[in-house]
Amino acid sequence: MKPLTQKATLLIFLLLCMLHTSAQPLKWHDPMQEAPSCINGRGWNAELQGGYTRLPARMQKNIPEKVWRLSQNAAGLTIRFTTDSRNLQVKYTIADAPRLPNMSRLNQAGIDLYATGSNGRTHWIGNHMQWSWGTDTIAFTFRDLETGKGTYELYLPPYSTVTSLKIGSDERATFSFLTARTDKPIVIYGTSIVQGASPSRPGLMWTNLLRRLTGRNVVNMGFSGSCMMEPELFDALSEIDAGLYVIDPIPNSYRLTDEEIVRRVRQGVHKLRQKGNTPILLSESYPQPDFSLNPHAEDRMRSANKALRTAYESLLKEGVKGIYYQFSQEIHFTEDAMIEGTHPNDIGNMAYAKAYERKVKEILH
C-alpha cells in the first residue's frame, strides 16, 4: 500500500475534526420550563407563560381577527442567557404559514444571535449557513465560539408562530436563562414595518436595532396591514406600564378618512392619558424614496400625515402634556432604503432606528 500524501493526510484529519465536532453531545434547555418567564419584548408575561405569543387569550374576543392572528407571531421577542459553551444549537418548530414574497425566509422564519462578552461589547454571531430547514423543525448551529462566558440574546422570527424551542449547549458547559427584563419598556404600536418587514434577518428589524442602540427594553406591538388604531388596541396598550409609547400608524391607517384618523388618534391619546403621564410619540409615515420619478404614488399617505399632525396640534391646544411628534423627513431615507417602495430593507431599517434613537434621547434624556 502506498503511503498517504501530505494533502490526503490533512484532508482525513479535517474530516475527523468535523466528525468530532458534530458528534459532541448537547444538553438541551427549554425556555418554557423557566419561572419566572425569560421571554423579553412583550407585556403580560405573567399571563403569557407557556408560549411565544404577544397578547393574552382574554383579548381575542375584543380585537380584530387578523390582529389576533398576527399576535401569535413572535415579533420582537428575545431570550437572554449566559453560557460558556463553545457550541450552541437552536432547534424550534413553527406553525405552517405561506411564504411572503416581500420577506427573506431568514427573516420570516429564522433566528438571530448576539453576544456580549466580558468587555461589555455586543457582537452579532453568524451561523455560516449551518442550518437545517426541515418540514417541521428548523435548526441553527453556532460552532467553535470564543466568547468565554458571555451573555447571549436570541431574536425570534417576526413573521412566524413559534410552537416549541430548545437551546442546546455543550454537555459540560454552564448555561442559565436570564429572567425577563422588568424595566419600563418603549412600547411601539405600528404596522408591518414595526412587526419586522423587511430586513434580511430578525436582528436588523428597526425595533431590535433600537433595543441595542439605546439599551432599553422594547415591546413590539406591530401588526402587518392591521394598524388601524381601534379603541380595543389602545385599551391593550394602556395595560402596559410603559416608559414611552410610540404610535406609528399611518402606513396602514392612511386608508381611513382624514377625519377618522384625527378622531382615532385623539381618542387613543386620551385613553393612554387616563392611565398616566407616560410620554407619547406620534410618528408620520416614512418619506417616499422614489418621489423624483413617481411623485404621486403616496399622495394619500402624505395627506394622512397631515391629518396626524392636525390631531397632534389639537391635543396640544387642549393642554395635553407629554406628547411628541416625528415628521416624515426625520427618517433619513436614501433611494436604496426600500425593497419595493413600501417596506424598508436593511438600510431603511437602520434609518428608522437612528431616527427613533434621536427621539428617545430627546424625550427620555
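Modeller: Let us start with Asp235, which is partly exposed because its relative accessible area is 33%, and please keep in mind throughout that this is a predicted model.

Biologist: Across which strands does helix α8 lie, and at about what angle does it run to β15?

Modeller: Helix α8 covers residues 258–275, and the strands in question belong to an open sheet of five with parallel pairing, in the order β13-β12-β14-β15-β16. In that sheet the edge strands are β13 (218–222) and β16 (323–326), each of which pairs on one side only. Helix α8 lies across β14, β15 and β16, and its angle to β15 is about 165 degrees.

Biologist: Across which strands does helix α6 lie, and at about what angle does it run to β14?

Modeller: Helix α6, made up of residues 231–238, is the element that holds Asp235. It lies across β12 (186–190), β13 and β14 (244–248), and its angle to β14 is about 160 degrees.

Biologist: In β16, which residue is the bridge partner of Ser283?

Modeller: Strand β15 comprises residues 280–283 and pairs with β16 in the parallel sense, over four bridges. Strands of a sheet pair through backbone hydrogen bonds, either parallel or antiparallel. For Ser283, the bridge partner in β16 is Gln326.

Biologist: Is Glu260 buried or exposed?

Modeller: Glu260 forms a salt bridge with Arg264, with the closest N and O atoms 2.7 Å apart, and both residues lie in helix α8, four residues apart, which is about one turn of the helix. Arg264 has a relative accessible area of 18% and is buried. Glu260 also comes to 18% relative accessibility, and because the cut-off for that class is under 20%, Glu260 counts as buried.

Biologist: In which helix do Arg302 and Asp299 both lie?

Modeller: These two form a salt bridge in which the closest N and O atoms are 2.9 Å apart. Arg302 is partly exposed at a relative accessible area of 27%, and Asp299 is partly exposed at 37%. They are three residues apart, about one turn of the helix, and the helix, residues 299–318, is α9.

Biologist: How many residues does the largest nonpolar core have?

Modeller: Among the residues that touch the most other members of this core are Leu55, Tyr189 and Met221. Leaving aside neighbours within four places in sequence, Met221 is in contact with residues including Trp44, Leu55, Tyr189 and Leu237. A second, separate core of 27 residues includes Leu88, Leu113, Ile125 and Val162, whereas the largest core has 69 residues.

Biologist: With the side chain of which residue does the side chain of Asn45 make a polar contact?

Modeller: Asn45 is placed in the loop between β2 (39–40) and α2 (65–71), and it is buried, with a relative accessible area of 17%. Not counting residues up to four places away in sequence, Asn45 touches Ser37, Ile39 and Ala180. The polar contact between side chains spans 2.6 Å, and the partner of Asn45 is Arg42.

Terms used
Residues numbered from 1 in each chain as written. Predicted model: local features only at pLDDT ≥ 70, side-chain atom pairs only at ≥ 80, totals over all residues. Heavy atoms only, no water. Helix = DSSP H or I, 4+ residues; strand = E, 2+ residues; numbered from the N terminus. Buried < 20%, exposed > 50% of the residue type's maximum accessible area, 1.4 Å probe, protein only. Polar contact = N/O pair within 3.5 Å; in protein donor to acceptor, adjacent residues only side chain to side chain. Contact = heavy atoms within 4.5 Å. Pairing = 2+ DSSP bridges. Axes fitted to C-alpha atoms, helices over the stretch in contact; angles between N-to-C directions. Core = buried A, V, L, I, M, F, W, Y, C linked by side-chain atoms within 4.5 Å. Salt bridge = Lys/Arg side-chain N within 4 Å of Asp/Glu carboxyl O.
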